[in-house]
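The structure comes first, and the explanation follows.

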Amino acid sequence: MGDMNFKAVLSKTQPQVEVMTSEPDRATGYRSFRLGGFEFQRDEYFARISWPAKGTRMSHVMPVDAFLRAIMRDVAWGFFYGWVNFDHVVGTKNLYGRVELFGGRYFAPMKSAGLDHTETFESPLIMATFKAILADWVNAGFDPFAAPEETGKTVYGPKNGDNLAAIDRYRVPTKRMPGLPGDSPLRSDANGFKVNRQFTDVPQDEPEVKPEPGFEKELHAFNLFKYLSRSDVTWNPSVTAVCNASLACPTTEEYILPIVHGNDRVEWFVQMSDEITWEVQDKETGALRARITMKAGDVAAMPADIRHQGFSPKRSMLFVWENANPELPKLYESGKLKPYPVEF
Ligand code: PHB
Ligand code: FE
């Protein structure tokens, strides 16, 4: 690494943006990518990320399936709120318009030795580079959104085709609520959303809605359990109700949240079915602060000064409630708001 030949190639997804990429490796068939001082390389089992530090290059290695699941979330969520840690070493911080990419910045041994590296990029450049990595590194048959049991082992091995349909899943953004006229659709067999193998016991009836004449476009309700039972992805919140900055983002979970999320605001969790164990760490150092197991009906607020990762032993339903107010990060950073939402 560091001596590879890269050339600028026009992005297939971002107009006017050039991505730095190598020729395919002769042995594995995968291309390498460069973004500023960072380089990304994959082999049959691992992703390697390297960066300049103290006149040499540091490198970090991750299982390639974990790396692809993480970078897929970063892309799908537009870098999300705050920090998206791919693991304890590498990740991004959203500056809303620009994005920081870091290696070792929040991993004390590297940080204290001065071996960490952070660079800031315009969002379209890092987005185009991450999408190009996914397009090249995701093999046919591997779906980074699926639970491991549903997608098999096609992620490993030398390059074998691609799965652009899985990584380009386009979600119709919800304006108010799915199923309202002109809004995102509800899920059904007819539009390809079948009940997931672990949710066959979920009732599929819809509520009866009887609006007064003239209010047909205003009054609406749908069966959220049915909607979620038909989610074809894991760990991918989708907006199902919008009220100003209040976003209801329920999701279905199985296996491990592929990123460690560092919050820049408070977010609320309601466990709707089954259970998830959360590991909560200090945002800066990663020191363990709490481990909490949420069972159906449990409610928790994740504070604004932590990072957290969830473990869901079987497919479960989680209601994530986000406050999208853009003023929040600086209110928490300046201490104007306490990092937790209630005092007991
Ligand atoms: C979170 O970081 O709060 C989060 C992200 C994705 C999920 C659930 C929770 O699926
Ligand atoms: Fe979070």
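The lining of the second largest cavity divides into three nonpolar, five polar and two charged residues. In this predicted model, that lining is made up of Arg171, Arg187, Leu228, Ser231, Val233, Asn236, Ser238, Pro250, Thr251 and Thr252. Strand E12 contributes the most to the lining of the second largest cavity, namely three residues. The space inside the second largest cavity amounts to about 50 Å³.

How many cavities of 30 Å³ or more are there? The count is two. The largest cavity has a volume of about 120 Å³, and its space is the one taken by ligand 1.

The lining of the largest cavity comprises 15 residues. Those nearest the centre of the largest cavity are Phe80, Pro237, Leu257, Trp278 and Val320. By class, the lining of the largest cavity has 10 nonpolar, three polar and two charged residues. E12, E14 and E18 each supply at least two residues of this lining, and E18 gives the most, with three residues.

Which side chains place a polar atom by an oxygen atom of ligand 1? Glu253 has a polar side-chain atom 2.6 Å from an oxygen atom of ligand 1. For His261, a polar side-chain atom lies 2.9 Å from an oxygen atom of ligand 1. The side chain of Glu267 also takes part, with an N or O atom 2.7 Å from an oxygen atom of ligand 1. On its own, ligand 1 has 280 Å² of accessible area, and the protein covers 100% of that area.

To return to the two spaces, ligand 1 takes the space of the largest cavity, where E18 gives the most to the lining. In the second largest cavity, E12 gives the most to the lining.

Key
Residues are numbered from 1 along each chain as its sequence is written. Chains are lettered from A and ligands numbered from 1 in the order in which they are written. This is a predicted model: local features need pLDDT of at least 70, side-chain atom pairs count only at pLDDT 80 or more; totals for chains, interfaces and linings use all residues. Side-chain values use heavy atoms; hydrogens and water are left out. A polar contact is a pair of N or O atoms within 3.5 Å; within protein, one must be able to donate a hydrogen and the other to accept it, and residues adjacent in sequence count only if both atoms are side-chain atoms. Accessible areas come from the Shrake-Rupley method with a 1.4 Å probe; for residues, only the protein chains shown count as cover. On a 1 Å grid over the protein atoms alone, a cavity is a set of points where a 1.4 Å probe fits but cannot get out, and a pocket is an open set with protein on both sides within 12 Å along at least five of seven lines; lining residues have an atom within 4 Å of a point. A molecule sits in a cavity or pocket if more than half of its atoms lie within 2 Å of its grid points. Grid points are joined across faces, edges and corners, and a volume is the space filled by probe spheres set on the points. Helices (H or I, at least four residues) and strands (E, at least two) are DSSP runs, numbered from the N terminus. Ala, Val, Leu, Ile, Met, Phe, Trp, Tyr, Cys and Pro count as nonpolar, Asp, Glu, Lys and Arg as charged, and the others, Gly among them, as polar.
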